[in-house]
Amino acid sequence: MGTTTIGSVATRRRFRVRPGQALTALALAVVVAALFLAVFGEVIAPDDPRRVDLNAGSLGPVSGHLLGTDQLGRDILSRALAGARTAIFGPLIIAASTVVISTVLGLVAGYVGGWTDATLSRVNDIVYALPPLLVAIVVVGVLGGGFGLGIVILVVLNIPASFRSQRAASLEQRGLPYIEAARVLGLSRWRIMRIHVLPNIMPVVSSSFFIAFTYAFVDLSTLSFLGLGVAPGTPDWGRMVAESRILVFENPWAALAPLLLIVATAVSANLVGEAVDDRIAAKGRGR
Amino acid sequence: MNSLALYLLRRLAAAVLVVLVVSFLIFCCLYLAPGSPEQAILGPQQATPEALATIRSDFGLDDSFVLQYWHFLDGLLHLDLGRSFQTGESVGSGITSRLGVTVPLALGGFLVACVLGIGGGIIAAQRRGRMSDRALGTLGVVAASTPAYASGVLFLYVFGVALGWFPVSGSGDGLSDRAFHLVLPIVTLGLVGAASMFRRTRVAVVSALERDDVAFARARGLSSREVLQKYVLRHAMVMIATSAGVILIFMLAGAAVVESTFDLDGVGSYLLTSINDKDLPSVQGIAVVTTALVVLINLAMDLLYAVIDPRIQRGAAAD
């Protein structure tokens, strides 16, 4: 009888959808949709997102322009769909580069230790002390590099946080018996780092990726909002909010559509990242 | 005590060094910036060779790189940040005249962040795992992932345009009008900081709640209020204070974004206008003042730990 009770509790737990899971599923759907827009947004846009029509400026939602137009008569729906490209690919490039570089550096610093670690960590601490958005605003603004320079600067400024977690995780692995065994077998340092340590710090790496993506998404779109990111005329969510916020009376959707897409994407990416973290943590406990 | 004075002296020296290094890096950045400042000052119409030459000699632009930097450092020693290329007014007074917007904005945002973040973090930690904890956590994720300009424009639309409760732009005149104009910007700035404050406070309080002495205090029958104030918060305090420093520094960058979102005439929007106008002395002056602020906040935080947790003070004296 005792076993049946346990069994039924387990079944009930497995089949009941908790509100948290529903939220995660929704977030995952939004992330997938945003990625789809980033690739195909411009293709499925009903109108050319760059086409100016001064006779149809600042319109509210009408037939032919479901979300109305901006001051230059460009179709808001088309611009919102096409604007996913820079808003999402930029942060993806930043997050991927950040994680690759910081994982290599973190592995080396944590596993090799000594002077290498001391030097890398000291330089890292200096960069970590900088307020990322402020530095990005000044450097990109003064040098006028636009989107490309923005990406490079944000990679550099996002590395420290990620480096710290990867270094700590590698350091933790270094003392474990299996590493000692690999060393006794005569494997080279690079081989141990690549084949043994790296797979074991992957949970930390994946968590860093989502964190870096969220920060990069917020900061890069802020640069575009301030006019320091993508070039003028480019359909981009951050830039659209900046260009259209003066239209709040004529056509609020011109600013609200990109704004809601930004919030939905950022929140969803963050929630998916947390869910991945939880799942990895739960797996670790079960082992 | 003597060793603490020595520690303080060393930290101050390091702070001066950081400001020097940053000012040099910014100077290099400005030197390398594309386009010539005298063209930007005059505009295409009036840019005759004579006029350009006058401006160059007026602002010392013909001097060598080293000499220009030396002039800047010399001015810095006398608290003179140079003159704006655009207006000719002193950069120092340009900054101080705008502090009336930026200081209340940043401090108000900091206060909102601390009250919401620390309060929410303590509540969530005490109810960890329950529905209210998860709801607060989700709210925190929403606040953390929403860029300040996005929530700002959203608030402007909802409370300024749709409901008409608050003014849509401008900084306001007089004390009460200014405060009224700053409500939405302060809330916008505070929410982003609150999210990060919330997360850090929750972690700190959860780990404090798991300590043996807290369990023991509860077993002795102390009220939950006493346990929280005398044990849990004492342990969590160092981490919360660290976060507060990080948030305060974040407020500086956040203020620039919020000021330009709400069309406020503060130091942050001054920086952005100067960047767009290629007004190099202004950019440099604001950057150096901001760096000095960041360094001072970090230093103040380190000293605060020593007060909160005397063990750190001994550690600092030892190394």
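Figure 1. Along the sequence, the pattern of chain B reads α-α-α-α-α-α-α-α-α-α-α-α-α-α. The C-alpha atoms of chain B occupy a box of roughly 85 × 60 × 35 Å along the principal axes. Of the 319 residues in chain B, 37% are buried. Among contacts in chain B with a separation of 6 or more, 72% join residues 24 or more positions apart.

**Figure 2. Confidence in chain B, from helix 6 to helix 14.** The model has an ipTM of 0.82 and a pTM of 0.84. Chain B has a mean pLDDT of 82, with 92% of its residues at 70 or more. Confidence in chain B is highest in helix 6 (residues 99-126), at a mean of 92, and lowest in helix 14 (residues 310-318), at a mean of 56. Where pLDDT is low, predicted coordinates should not be read in detail.

**Figure 3. The side of chain B that touches chain A.** Here 34 residues of chain B are in contact with 34 residues of chain A. On the chain B side, at least two residues each come from helix 1 (2-32), helix 7 (131-145), helix 8 (148-162), helix 11 (224-261), helix 12 (267-276) and helix 13 (280-308). By class, this side of chain B consists of 27 nonpolar, six polar and one charged residues.

**Figure 4. Packing of helix 6 of chain A with helix 11 of chain B.** The axes of helix 6 (residues 132-143) of chain A and helix 11 of chain B lie 8 Å apart, at an angle of about 50 degrees. Angles from 65 to 115 degrees count as roughly perpendicular and those under 35 as roughly parallel, so these two helices, helix 6 of chain A and helix 11 of chain B, are oblique to each other. A:L133, A:L134 and A:I137 in helix 6 of chain A meet B:L252, B:A253 and B:A256 in helix 11 of chain B. The contact between these helices has six nonpolar, no polar and no charged residues.

**Figure 5. A:A136 in the largest nonpolar core.** This core has 145 residues, of which A:A136 and A:V241 touch the most other members. Helix 9 (residues 189-225) of chain A gives the most to this core, with 18 residues. Beyond its neighbours within four places in sequence, A:A136 is in contact with A:G150, A:I153, A:L154, A:L157, A:D219 and A:L223.

Definitions and conventions: Residues numbered from 1 in each chain as written. Chains lettered and ligands numbered in written order. Predicted model: local features only at pLDDT ≥ 70, side-chain atom pairs only at ≥ 80, totals over all residues. pLDDT = per-residue confidence, 0-100. Helix = DSSP H or I, 4+ residues; strand = E, 2+ residues; numbered from the N terminus. Contact = placed C-beta atoms within 7 Å. Nonpolar A, V, L, I, M, F, W, Y, C, P; charged D, E, K, R; others polar. Buried ≥ 20, exposed ≤ 12 C-beta atoms within 10 Å, placed from the backbone. Axes fitted to C-alpha atoms, helices over the stretch in contact; angles between N-to-C directions. Parallel < 35°, antiparallel > 145°, perpendicular 65-115°, else oblique. Core = buried A, V, L, I, M, F, W, Y, C linked by C-beta atoms within 7 Å.
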